[in-house]
Amino acid sequence: MEFSIKSGSPDKQRNACVVVGIFEPRKLSLPAELIDNVSGGYISDILRRGDMEGEVGSTLTLYNVPGTLCDRVLLVGLGKEKEYREAEFCNAMRASIQTLNALDVSEAVFFLTESSIRQRFGPNSIWRIRQGALIATEVSYRFDHYKSNKEKSRKRASRKLEKLTFIVERRNELAAAEAALAQGKAIAEGISFARDLGNQPANVCTPEYLADTAQRMATEFKLNCEILGRHEMEELGMHALLAVAKGSRQEPRFIVLDYQGAESSKAPLVLIGKGVTFDSGGISLKPAAKMDEMKYDMCGAAAVLGTLRAIARLRLPINLVALIPASENLPGGNATRPGDIVTSLSGQSIEILNTDAEGRLLLCDALTYAERLNPGAVIDVATLTGACVVALGRLASGLFANDNALAKELLQAGKSAQDRVWQLPLWEEYGEGLKSNFADMANVGGREGGAITAACFLSQFSRNYPWAHLDIAGTAWKSGTRKSATGRPVALLCHLILQRLKQLEIP
Ligand code: BES
Ligand code: MN
Ligand code: ZN
C-alpha cells in the first residue's frame, strides 16, 4: 500500500473517498463540519434521521455529497469525544479500512489524523499517522502465496485499496508527519515480514530457510551475518540446542545478524528469537489437535528479524544484534529421550525430563552466547508456554525481567505501540520445581505456574546482563477461521527502540 501526507480541506479533495469522523452522539468532528457547511447541512441532516450515532467503529458511506469533489464521503464513528483515546482511534481506523476494502475504492484521504480532534489525553497526530499506516497494512494483509487463483482469493477478501493519504491541519506539521509516516511504514513492513515468515508452512520454513532469509536481509541492508551449523555448535558446546535438533532430518542453525547503526563502542541491544520451525513435542509427543499451529513456534525468530528489518530500514542510530537458535523438534530414532542429560553452553547440566519443553533448551544456549557480545540489554522473544496463554489469554504477551528499568520500558513501549505486555513475577521460589536428582537442573517444573517456571529456567542463564523475556505463546498468531500470524511483538520492540532514541515524539 502507498501512503502520503498532505494538508488541505475535505471539500477540496478530488478523490474516490474522503474519511471523516463523527463523535457520539451525532457530533461532527471539524472536517465533517466543513463538509456539512459546503453541502448545506447534508451530513447533519442524515445524522438527525438517526442513521448514525457515532459509536466507535460504525461507518456510513455517502455518495455525491453536494459541494464536494470526491466520489464518496465515509463517516466513521469515533465514540464519545471525552473518551477518545488510542484504542478508539485504532478501532475507527480499522473499521474504515475494512469498509474501504469492501468497497471498490482504490484511494482514500483520511481526516482522522488531523489535529483538531486532539483531546487533552488523546493521541496526537504524529502517533495517529504512525499507527494509521500500521493498521491499514495490518487489516489489508493477505497470505495467498499458495492459492492457485490469487485474484479470486483476494476478491473474496476484497482488497482493492492501494493509496492512502493522511491529512495534517497545518503545513508546518508536514515534516514531522512525514517522519512519523516513515516510521509507521517501516514498522508495518517489519510486521508483514514477520507474519509472512510465520505463516509459511514448516516444510518450507526450515531452520535453513530462516538462515537464508537472514542472509538475504544482510545483503539487502549491508549487515553482518554469521550462520553456525551443527558442527560449529558442537565445537562451541551448545548441547542444549543440539539436543532439540537430534530427532530431525533438518539441520539446526544458529543465526547471528548484526546491525551497526551507532559507534562500535556502544553496547548492543541483543534480541533473541525462538526459532523452532515445527514443534511436535519430540518423544514427549503432542496431541494431534491443532498441532499444525506448531509451525508458528518460530514466531519469536520472525519478530526479531522483522524488528531488525524495520530498524535497518530507518537507519536508526543503535547497535542491534539478532540471535536466532533454529531447529525442528521431532521424534525419531536419534531423538533426545526423556531423562537424557546434556551440558549447556554455560557449563550447567540439564536433565531433559520433557522433550516438549524444547524452547528453553534452545534459548539457554543463545542467552549464554549473548554474553560474548557485551550487551547493554538482552530481550528474548518466544512462543514458550501454553501456560502463558492460560494465564494472560491472547491480549497481552507475558513479560519477565531481572531488571526493573527494562521491564518498565517494555510496559511503556507496549502501551504506545498498542502491543501490550503484562509482567509476571520471577521470584526464585518459583524455580524450586526445576530441581533434578541427577543434573544441575531439570527442564520442567510442575504444571502450575508453567510460564513462570520456564522464565525461572531462563534466568539461570541470563544473570550477567539486564534481561527481559517475552512469552508470546498467546499473541504471536490467531487460531480459528482467521488463522494467521500477527507479527507481534515487532511493534512493541520498534517502539522500545524509538523510545530509547527519543524519536517517538517528533518535534
Ligand atoms: N511451543 C510450545 C508452547 C506453546 C504451546 C505455545 C501451545 C503456544 C501454544 C512449547 O515448546 C511447549 O511445548 N511448552 C510446553 C511446556 C511443558 C512441557 C512444560 C507446554 O506449554 O505445554
Ligand atoms: Mn514444545
Ligand atoms: Zn515449542
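Modeller: Before we start, one definition: a residue counts as buried when its relative accessible area is under 20%, as exposed when over 50%, and as partly exposed in between. Keep in mind too that this is a predicted model.

Colleague: Which protein atoms hold the zinc ion (ligand 3)?

Modeller: The zinc ion (ligand 3) has Lys274 (NZ), Asp279 (OD), Asp297 (OD) and Glu358 (OE) as its protein donors, at 2.0 to 2.4 Å. Along the chain these residues follow the spacing K-x4-D-x17-D-x60-E.

Colleague: How should I read the geometry there?

Modeller: Start from the ideal: six octahedral donors give angles of 90 or 180 degrees. Around the zinc ion (ligand 3), the six donor atoms subtend angles of 78 to 175°, and the arrangement is therefore octahedral.

Colleague: Which residue bridges the two metals, and how far apart do they lie?

Modeller: Aspartate 279 is the bridge, and the zinc ion (ligand 3) and the manganese ion (ligand 2) lie 3.2 Å apart.

Colleague: Let's turn to helix packing. How do the axes of helix 6 and helix 15 cross?

Modeller: For a pair like this, look at the distance, the angle and the hand. The axes of helix 6 (residues 174-199) and helix 15 (residues 490-500) come within 9 Å and cross at roughly 145°. The crossing is right-handed.

Colleague: Which residues make the contact?

Modeller: Helix 6 contributes Gln183, Ile187, Gly190, Ile191 and Ala194, and helix 15 contributes Val490, Ala491, Cys494, His495 and Leu498. By class, that contact has seven nonpolar, three polar and no charged residues.

Colleague: How many residues of helix 14 are buried?

Modeller: Ten of ten: helix 14 (residues 450-459) is mostly covered. The buried residues include Ile452, Cys456, Phe457 and Leu458.

Colleague: Could you show me a strand residue too? What surrounds isoleucine 5?

Modeller: Isoleucine 5 sits in strand 1 (residues 2-7) and is buried, with a relative accessible area of 10%. Leaving aside residues up to four places away in sequence, isoleucine 5 touches Ile129, Thr165, Phe166, Val168, Leu174, Ala177, Glu178 and Leu181. Isoleucine 5 and threonine 113 are 108 residues apart in sequence, with 10.0 Å between their C-alpha atoms.

Colleague: Now the backbone. Which residues does a cis peptide bond join?

Modeller: Omega is the angle to check. It is about 0° at the cis bond between glutamate 24 and proline 25, and about 0° at the cis bond between arginine 488 and proline 489. Proline 25 is in the loop between strand 2 (17-24) and strand 3 (27-28). Proline 489 is in the loop between strand 21 (484-485) and helix 15.

Colleague: And where do asparagine 64 and lysine 222 lie?

Modeller: Take asparagine 64, in the loop between strand 4 (59-63) and strand 5 (72-80). Its phi is positive, near 45°, in a residue other than glycine, and at 65% relative accessibility asparagine 64 counts as exposed. Lysine 222 lies in the loop between helix 7 (207-221) and strand 8 (224-228). Lysine 222 has a positive phi of about 55° without being a glycine, and counts as exposed at 75%.

Key. Residues are numbered from 1 along each chain as its sequence is written. Chains are lettered from A and ligands numbered from 1 in the order in which they are written. This is a predicted model: local features need pLDDT of at least 70, side-chain atom pairs count only at pLDDT 80 or more; totals for chains, interfaces and linings use all residues. Side-chain values use heavy atoms; hydrogens and water are left out. Donors are N, O and S atoms within 2.8 Å of the metal (3.2 Å for Na, K and Ca); water is not among the atoms, so sites may look incomplete. Four donors count as tetrahedral if all angles lie between 85 and 135 degrees; four count as square planar and six as octahedral if opposite donors are over 155 degrees apart and all others between 65 and 115; anything else is irregular. Axes are lines fitted to C-alpha atoms, for helices over the stretch in contact, and angles run from 0 to 180 degrees between N-to-C directions. Helices (H or I, at least four residues) and strands (E, at least two) are DSSP runs, numbered from the N terminus. A crossing is left-handed if the near helix is turned anticlockwise from the far one by less than a right angle, and right-handed if clockwise. Contact means heavy atoms within 4.5 Å. Ala, Val, Leu, Ile, Met, Phe, Trp, Tyr, Cys and Pro count as nonpolar, Asp, Glu, Lys and Arg as charged, and the others, Gly among them, as polar. Buried means under 20% relative accessible area, exposed over 50%, partly exposed in between (1.4 Å probe, protein chains only).
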